[in-house]
Structures are given as structure tokens and as C-alpha cells.
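Please keep the sequence and the structure in view while reading.

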Amino acid sequence: MVLNDVPPPSTVDDPVYRTGVLELLGLLAYGEISACERLAEDAKMAPDLRIKVEIAAMASAEFGHFAKLRDHLVAIGEDPFEAMRPFAATFERYHQHTKPSDWLEGLVKAYVGDGLAADFYREIAAYLDAETRELVLETLSGTGHSEFVVEAIRAAIEQDPRLGGRLALWGRRLMGEALSQAQMVVAERDALSTVLVGGVDHPGMDLAAIGRMFTRLTEAHAARMEKLGLAA
């Protein structure tokens, strides 16, 4: 994906664009702290101490990402918790509909859900000013725990092949819920949608480009599922 040129100063200073960026950062920050909280809860279902520690480390990495976003919002004179507040219901809906029944479903949720979210934010990052783009991409940098998830899921399926079908269905459900929530958020937040679709002073996506973006998200999800040994 080729990133756009940095939007001109008039765009960066535009109040609608700034509001859209604050919404994006609030959304991303809530997602990170929410993931941290859910992973910490999922760690309680781990079958042994090694896996419990690995999941706890994933939760810690998510908190580190949240802290970067929180500190940036404070640095630009914004209240990070006010920026995050509008998205509480969004993540509660998602987590209510995707509550894992065991630690394996929790790992698939973390791997698939985080991967899909990262792909979505990277797509949007192409339409941001350079400073915000760098922050978003840095926040989405790998945590180094994905190999643990892949190995754990593949090992579990090898030990009990029946798990493959159940986890594959779970992965499809996660994909559907995540895309539904993402589309709802963009539709509900006018300033955020303006960042994505563009305005007078800066380019954005047309309907065809948005369609291609969701196709890329679906293809990336299928690749992640394949890496886990699951059918998409």
C-alpha cells in the first residue's frame, strides 16, 4: 500500500480533520486498553503457568500501546479518557458477542481480532498527516507474541483435530462481528468518516476504494486463519 503525501497545513489545522483524528485515536486507545483487559481475563483460563504468562505478556504489550496513545493525547492538550469515552459501547458490544468459551478461543480472538483491527487502522493511516500516521503505525507494531499463538493453536489441533472445525467457525464469527462494528463506527462518526473519505482539501477513498479496502481486510483475515491451520 502506497501512503498518500502529507496533507497540507490547512488540512492538518482543519477543525473537522482534527476532530476526526481525535476520534480515531480515542477509538484506537479504547481498543488497546480493552484488549489488555480481556487478555488479562483470558489468562485465567490458561491450562498451565507458561501459557498464562504468555497471555499476560500479550496483555502487557497492549497496555504499552495504550500508554503511547494516552501520552500523545495529553501532549496535544486533549483528555484521553474523554476521547475514548464515546467508544465504550462499541467495544462492549463486540466483546459481549465474542466472549471466548476457553483459552484457545481467547487466543484466536486476540490473534484474529487484533490483526483485523491493525489492518483497518493501517488503511486509515494512509490518509493521515505524517505525525499522526507515524503514531498509529508505531502503536500497531508487532508485539512478538504471534508465533506463540500460532504454535499453541496448531499444537492443540494436532492433539485433537476436532478443534479445527470449532475454531474455524469461531474465527469466521470474529471476522463478521469485527467488520460489522468497524462499519458502524465509521458510519456513526461524521468527522472520522471524513478522514477516510476525504474532503475539499485532501483526498480520500471513494466507494470503490472502500470496497477494495474491505476485500483486502478479508484476504488478510484468510491468510491469518491459514497460518493458524484453520479454514477461513
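Is Ala191 buried or exposed? Ala191 counts as buried because its relative accessibility is 11%, where buried means under 20% relative accessible area, exposed over 50% and partly exposed in between, with a 1.4 Å probe and protein chains only. Ala191 is part of helix 10, residues 190-197. In sequence Ala191 and Leu24 are 167 residues apart, yet their C-alpha atoms are 9.3 Å apart in space.

The model is predicted, so local features need pLDDT of at least 70 and side-chain atom pairs count only at pLDDT 80 or more, while totals for chains, interfaces and linings use all residues. Residues are numbered from 1 along each chain as its sequence is written, and side-chain values use heavy atoms, with hydrogens and water left out.

The overall build comes next. The protein contains 11 helices and zero strands; helices (H or I, at least four residues) and strands (E, at least two) are DSSP runs, numbered from the N terminus. Along the sequence the pattern is therefore α-α-α-α-α-α-α-α-α-α-α. Of its 232 residues, 50% count as buried.

The pockets can now be considered. On a 1 Å grid over the protein atoms alone, a pocket is an open set of points with protein on both sides within 12 Å along at least five of seven lines, in contrast to a cavity, where a 1.4 Å probe fits but cannot get out; lining residues have an atom within 4 Å of a point. Grid points are joined across faces, edges and corners, and a volume is the space filled by probe spheres set on the points. The largest pocket holds about 1,000 Å³ of space. Its lining is made of 49 residues, with Gly113, Asp114, Gly115, Ala117 and Ala118 nearest the centre. Several helices supply at least two lining residues each, among them helix 2 (15-42), helix 3 (49-75) and helix 9 (163-188). Helix 6 gives the most to this lining, with 14 residues. By class, the lining of the largest pocket comprises 23 nonpolar, 16 polar and 10 charged residues; here Ala, Val, Leu, Ile, Met, Phe, Trp, Tyr, Cys and Pro count as nonpolar, Asp, Glu, Lys and Arg as charged, and the others, Gly among them, as polar.

The second largest pocket holds about 190 Å³ of space. Its lining consists of Glu37, Arg38, Glu41, Asp42, Met45, His95, Lys99, Pro100 and Lys109. Six of these residues are charged, two are nonpolar and one is polar. Helix 2 gives the most to this lining, with four residues.

Lys109 is buried yet has no salt bridge, and the nearest side chain of opposite charge, that of Asp42, is 6.1 Å away. For this comparison Lys and Arg count as positive and Asp and Glu as negative, while His and the chain ends are not counted. A salt bridge is a side-chain nitrogen of Lys or Arg within 4 Å of a carboxyl oxygen of Asp or Glu. The side chain of Lys109 does make a polar contact with the side chain of His95, at 2.8 Å. A polar contact is a pair of N or O atoms within 3.5 Å; within protein, one must be able to donate a hydrogen and the other to accept it, and residues adjacent in sequence count only if both atoms are side-chain atoms.

Thr98 lies in the loop between helix 5 and helix 6. Thr98 counts as buried because its relative accessibility is 0%. Its side chain reaches the backbone oxygen of Tyr94 at 2.6 Å.

Charged pairs complete the picture. The whole structure has 14 salt bridges. One of them joins Glu78 and Arg18, whose closest N and O atoms are 2.9 Å apart. This pair links distant parts of the chain, 60 residues apart, with Glu78 in the loop between helix 3 and helix 4 (80-84) and Arg18 in helix 2. Glu78 is partly exposed, at 25% relative accessible area, and Arg18 is partly exposed at 36%. Another salt bridge, between Arg85 and Glu82, has an N to O distance of 3.2 Å. Arg85 is exposed, at 53% relative accessibility, whereas Glu82 is partly exposed at 44%. Asp102, Glu105 and Arg166 are linked in a network of salt bridges.
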